[in-house]
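Good morning, and thank you for coming. I would like to take you through one model, beginning with a loop and ending with the packing of the helices. Please look at the sequence and structure now.

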Amino acid sequence: MNFDQFAYSYISQAEERINLARVENERKKYNIIVRLCQEAVELSLKACLRLVNIEPPKFYDVGPILKNNADKFPQWFKEKIDLFVSYSRSLRKERELSMYGDEESNTPPELLYSEYDSQQALKMAEEVLDYAKKLYEEKRNR
């Protein structure tokens with residue numbers, strides 16, 4: 001597989017996570033939505049890295065890699081990098097909590113998140129995915 005095929009796969013997987021998050025929204029499973037959105041942001045950003053020929057690392061928050069390679073992206077994407085780095089870092093912090101809960105406070109994951117939290121996570125994931133798709137299309141059409 002080349003970078004574009006991996007990027008396409010990551011984008012498709014991110015879309016699927018967002019679709020699943022929307023289903024969970026109907027069930028009010030807010031912690032699951034947050035977890036799925038973290039995965040969608042991670043996959044979308046890893047797709048973006050691949051599209052500029054950077055092998056993404058095997059960890060969850062690729063924000064620093066994105067920031068250190070900002071010069072490889074088109075201007076319209078560069079303008080969003082700080083925001084996307086913030087999204088990635090923020091959702092990365094929620095990855096384990098959204099699945100396992102907070103053992104320090106003895107709070108299960110279902111009680112840690114609200115509809116607001118899930119809607120914010122969904123908004124972040126959708127925005128990053130939109131930019132990943134645009135970057136993919138731009139590269140494909142060259």
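This is a predicted model: local features need pLDDT of at least 70, side-chain atom pairs count only at pLDDT 80 or more; totals for chains, interfaces and linings use all residues.

I begin with N53, which is found in the loop between α2 and α3, the latter spanning residues 63-68. Helices here (H or I, at least four residues), like strands (E, at least two), are DSSP runs numbered from the N terminus. Residues are numbered from 1 along each chain as its sequence is written, and side-chain values use heavy atoms, with hydrogens and water left out.

As background, most residues other than glycine have a negative phi. K28 is also not a glycine, and its phi is positive as well, at about 60°. This residue sits in the loop between α1 and α2. With a relative accessible area of 55%, K28 is exposed; on this scale buried means under 20% relative accessible area, exposed over 50%, and partly exposed in between, using a 1.4 Å probe and protein chains only.

Let me return to the loop between α2 and α3, where D61 is also found. Is D61 buried or exposed? D61 is buried, at a relative accessible area of 17%.

P108 is partly exposed, its relative accessible area being 35%. From P108 to S98 the C-alpha distance is 8.7 Å, and the two are 10 residues apart in sequence.

I turn now to the helix pairs. The axes of α2 (residues 30-51) and α6 (residues 115-140) come within 8 Å and cross at roughly 20°. Axes are lines fitted to C-alpha atoms, for helices over the stretch in contact, and the angles run from 0 to 180 degrees between N-to-C directions. That crossing angle makes α2 roughly parallel to α6; angles under 35 degrees count as roughly parallel, over 145 as roughly antiparallel, 65 to 115 as roughly perpendicular, and the rest as oblique. The crossing of α2 and α6 is left-handed, meaning that the near helix is turned anticlockwise from the far one by less than a right angle, whereas clockwise would be right-handed.

Which classes of residue make up the contact of α2 with α6? It has 18 nonpolar, two polar and four charged residues. In this scheme Ala, Val, Leu, Ile, Met, Phe, Trp, Tyr, Cys and Pro count as nonpolar, Asp, Glu, Lys and Arg as charged, and the others, Gly among them, as polar.

The axes of α2 and α5 come within 8 Å, crossing at roughly 140°. That makes α2 oblique to α5, and this crossing is left-handed. For α5 and α6, the axes come within 11 Å and cross at roughly 135°. These two helices are therefore oblique to each other, and their crossing is left-handed.

The largest nonpolar core has 42 residues, of which L66, F73 and F77 touch the most other members. Such a core is a set of buried Ala, Val, Leu, Ile, Met, Phe, Trp, Tyr and Cys residues joined through side-chain atoms within 4.5 Å. At least two residues of this core come from each of α1 (3-26), α2, α4 (75-78), α5 (81-100) and α6. Which helix supplies the largest share? That is α2, with 13 residues.

I close with the cysteines. How many disulfides does a search of the whole structure find? It finds zero, a disulfide being a pair of cysteine sulfur atoms within 2.5 Å. C37 is in no disulfide, and its nearest cysteine sulfur, that of C48, is 16 Å away. C37 is buried, at 0% relative accessible area, and C48 is buried, also at 0%. The C-alpha of C48 is separated by 7.0 Å from that of L135, although the two are 87 residues apart along the chain. L135 lies in helix α6 and, at 4% relative accessibility, counts as buried.
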